[in-house]
Amino acid sequence: MGDFLWLIPALPLMGAAVTGLLRRKLPPRHIHIIACGTVLSAFVLSAVGFLTLLQIPEPQQRLVIQSLYQWILTVWQHGRFSLEVAFRLDPLSVSLCLVITGVGFLIHLYSVGYMAGDESEGRYFAYLNLFTFAMLLLVLGDNLLLLFVGWEGVGLCSYLLIGFWFTDLEKARAGMKAFIVNRVGDFGFFVGLMLLFWALFDKSGGLVTGMRFSELQECLVLLKSAQPIMGISLVTWVALLLFIGATGKSAQIPLYIWLPDAMAGPTPVSAFIHAATMVTAGVYMIARLHFLYSAAPAALALIAVLGAATALYAATIALTQDDIKRVLAYSTISQLGYMFLAEGVGAFTTGIFHLITHAFFKALLFLGAGSVIHAVHDNDMRKMGGLNRYMPVTYLTFMTAFLAISGIPPFSGFVSKDEILWAAFTSSLPLPWLGPILWLAALLTAGLTALYMTRLICLTFMGRFRGSREQENKLHESPPVMTVPLVVLAVLSLSGGIIGLPAFTHLPNLLADFLAPTLGALPVGSEGAHSAALEVLLLVISTAVAIAGIAAGWYLYVRQPQLPERLAQRFSQTYRLLLNKYYVDEIYQAAFVRPLLKLVAFSGHFDLRVIDGAVNLTSLLTRKFSFVVGFEDWRIVDGLVNGIADIVKRWGARLERLQSGKVQHYLYSVVLGLFVLCVFVLLV
């Protein structure tokens with residue numbers, strides 16, 4: 001496997017190159033085969049890599065490194081810095097590879113039906129393949145710089161795909177918004193990298209830079225012994241700066257604002273971004289650097305608090321949104337908050353577990369929403385209803401994802417979410433009361449999740465159809481190329497939790513055992529380290545809260561459909577606050593965007609009026625002065641010289657008449673001269 005590891009990211013890259021360059025010459029069927037086939041091949045290779053690791057008997061030795069070529073080499077008097085383009089296959093990276101290529105292939109396959117007839121279909125599949133490559137590069141890179149290349153690659157691809165229909169100004173703006181917001185986070189990430197490089201380089205006398213993951217883990221003691229900055233340890237600074245990048249990529253407070261607008265792209269793109277690629281980058285990065293974050297407990301505590309706050313905050317906004325994709329976008333932000341909460345309390349394996357199950361049911365939710373939009377040609381849930389009669393496959397598979405994200409046993413989301421709740425409750429954060437508070441916030445989020453997802457189900461699939469007669473006449477189930485991926489994802493959403501069964505079941509936790517060589521053992525939830533009765537009690541409470549949320553949603557939107565409107569009128573201020581997303585976009589516009597635009601306008605005005613004015617004035621004065629100097633030189637100096645020359649020339653012309661060449665004239669001149677001389681002598 002070590003010789004073929006490079007093929008996992010290279011296959012989608014080749015697919016992107018071929019479909020991108022030959023998109024106008026190849027028929028659509030060939031483009032579909034190339035785009036889907038390369039990702040499926042990468043999935044097969046990832047599965048081979050997974051089996052290869054499993055065949056290594058000693059778990060600690062489950063690691064395959066393939067170095068392709070020397071990327072950077074700098075030599076100086078006391079040392080050298082070299083870095084290679086190298087790929088790393090270990091339990092963590094292969095788990096992500098399986099998710100990216102497996103879910104990614106289903107999304108590619110679904111796109112064949114969803115994008116059929118689009119004139120830019122070739123460009124779409126080229127971007128989608130490129131997105132897959134960038135994400136695989138991110139998770140397979142053996143050093144931080146290669147990870148950063150993939151990190152920037154997914155940012156670029158998200159910009160290209162969110163603004164895919166760039167002739168629509170709103171969609172183009174959504175792509176630019178995602179790109180710019182992510183640049184803010186990426187700046188923090190880059191500064192963190194440079195700080196890490198500088199600190200280790202300085203402490204080791206130029207021998208260590210910490211760019212390789214294995215090297216960083218080995219020399220972490222050097223980073224911990226570095227001089228604190230502003231009273232905060234250097235390792236904490238590095239962890240926090242890198243986390244700023246994660247808040248951008250994984251849409252956490254305060255850099256989450258791009259994700260709801262990312263729905264401007266084609267719906268399969270939304271599924272790809274929300275389930276298998278972009279938003280998981282931050283969660284993966286923290287898990288990959290878990291040893292660094294474990295050495296910075298304050299940073300971990302901040303991640304946990306921010307994750308819980310983001311989860312609860314996004315869930316409240318999702319309650320009032322009417323766009324089906326926007327509801328799912330806020331649910332993604334909320335679920336990502338769960339993942340960061342898990343990692344913040346040190347349960348890195350649990351965070352990855354929820355990342356995997358979330359990939360299954362969130363991809364299913366977005367693809368199901370795409371199937372609905374494909375039939376209704378509208379995103380507004382107020383114009384839907386009763387679709388369960390027209391789209392039975394979409395409805396049944398969507399219900400599977402709904403039960404999973406709502407946390408109903410035994411669906412996959414229930415298992416992974418309860419592992420997070422348990423990890424939060426039993427966490428050993430610096431403040432002992434913080435764990436139960438985070439658990440309470442996550443529990444409340446679980447209830448709200450069940451409520452807003454029930455609202456989505458009721459408005460979309462229940463009751464009567466509320467669209468136009470023309471829309472109703474065209475309602476239909478999606479073709480098999482779209483429904484088959486839904487069925488596969490529904491099976492995974494139902495059964496995916498089996499890989500991470502909790503300890504009280506006394507059944508093996510397959511994922512935790514597999515990831516243990518990379519992420520270490522579970523800090524909480526491991527068998528014998530807690531009370532099984534307490535865990536079961538918390539599980540019963542969270543299930544009851546989820547069922548209560550579903551019951552409340554059913555009562556509000558099926559039994560008493562007029563009640564939500566009355567509640568909105570009764571609590572109008574709160575309703576408007578949630579409907580307008582706490583006015584955060586408006587606050588950002590007022591606090592950052594408009595001042596920046598004004599600064600840009602002022603700078604432009606200053607450049608145009610002052611800088612350009614000074615340059616133009618200098619040019620004018622120079623030209624005037626040059627004219628005066630030229631006039632003086634041309635008219636006076638040159639005139640004087642030319643005048644003297646002209647006088648001399650004229651006198652020369654007159655005097656030349658004396659040189660006639662006739663001897664008698666010369667004799668006459670001598671006689672005349674003697675006569676004049678004699679007269680002069682006589683007179684004097």
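H377 is exposed, with a relative accessible area of 63%. Exposed means over 50% relative accessible area, buried under 20%, and partly exposed in between, with a 1.4 Å probe and protein chains only. This residue sits in the loop between α16 (348-376) and α17. H506 belongs to the loop between α21 (480-495) and α22 (510-519). At 60% relative accessibility, H506 counts as exposed.

The model is predicted: local features need pLDDT of at least 70, side-chain atom pairs count only at pLDDT 80 or more, and totals for chains, interfaces and linings use all residues. Residues are numbered from 1 along each chain as its sequence is written, and side-chain values use heavy atoms, with hydrogens and water left out.

The chain holds 27 helices and two strands. Its radius of gyration is 37 Å, well over the 26 Å that the globule rule gives for 684 residues, so the chain is more spread out than a compact globule. The radius is taken over C-alpha atoms, and the globule rule is 2.2 Å times the number of residues to the power 0.38. Helices (H or I, at least four residues) and strands (E, at least two) are DSSP runs, numbered from the N terminus. Along its principal axes, the C-alpha trace spans about 155 × 70 × 55 Å.

Of the 684 residues, 53% count as buried. The accessible surface comes to about 30,900 Å², and 68% of it belongs to carbon and sulfur atoms. Accessible areas come from the Shrake-Rupley method with a 1.4 Å probe; for residues, only the protein chains shown count as cover. Contacts (heavy atoms within 4.5 Å) were also sorted by sequence separation. Among those between residues at least 6 apart in sequence, 79% join residues at least 24 apart. The chain carries 45 positive and 39 negative charges, and their mean positions are 9 Å apart. Lys and Arg count as positive and Asp and Glu as negative, while His and the chain ends are not counted. Each charge is placed at NZ of Lys, CZ of Arg, CG of Asp or CD of Glu.

A salt bridge is a side-chain nitrogen of Lys or Arg within 4 Å of a carboxyl oxygen of Asp or Glu. By this rule the count comes to 19. One of them joins the side chains of K177 and D585, at 3.2 Å from N to O. K177 lies in helix α6 (residues 169-203) and D585 in helix α26 (residues 584-655), so the pair ties together parts that are 408 residues apart in sequence. K177 is partly exposed, at a relative accessible area of 21%. D585 is partly exposed as well, at 23%. Both residues belong to a network of salt bridges that links K177, D261, R326, K581 and D585.

D322 and R455 form another salt bridge, at 2.8 Å from N to O. D322 lies in the loop between α14 (297-318) and α15 (324-344), and R455 in helix α19, so this pair ties together parts that are 133 residues apart in sequence. D322 counts as buried, at 16% relative accessibility. R455 is buried too, at 6%. Helix α19 (residues 434-461) also contains T449. T449 is buried, with a relative accessible area of 1%. Not counting residues up to four places away in sequence, T449 touches S334, Q335 and I405.

R469 is exposed, with a relative accessible area of 59%. E472 is partly exposed, at 21%.

One joins I253 and P254, with omega about 10°. P254 lies in the loop between α9 (234-249) and α10 (258-261). Another cis peptide bond joins P409 and P410, with omega about 0°. P410 is placed in the loop between α17 (392-406) and α18 (412-425).
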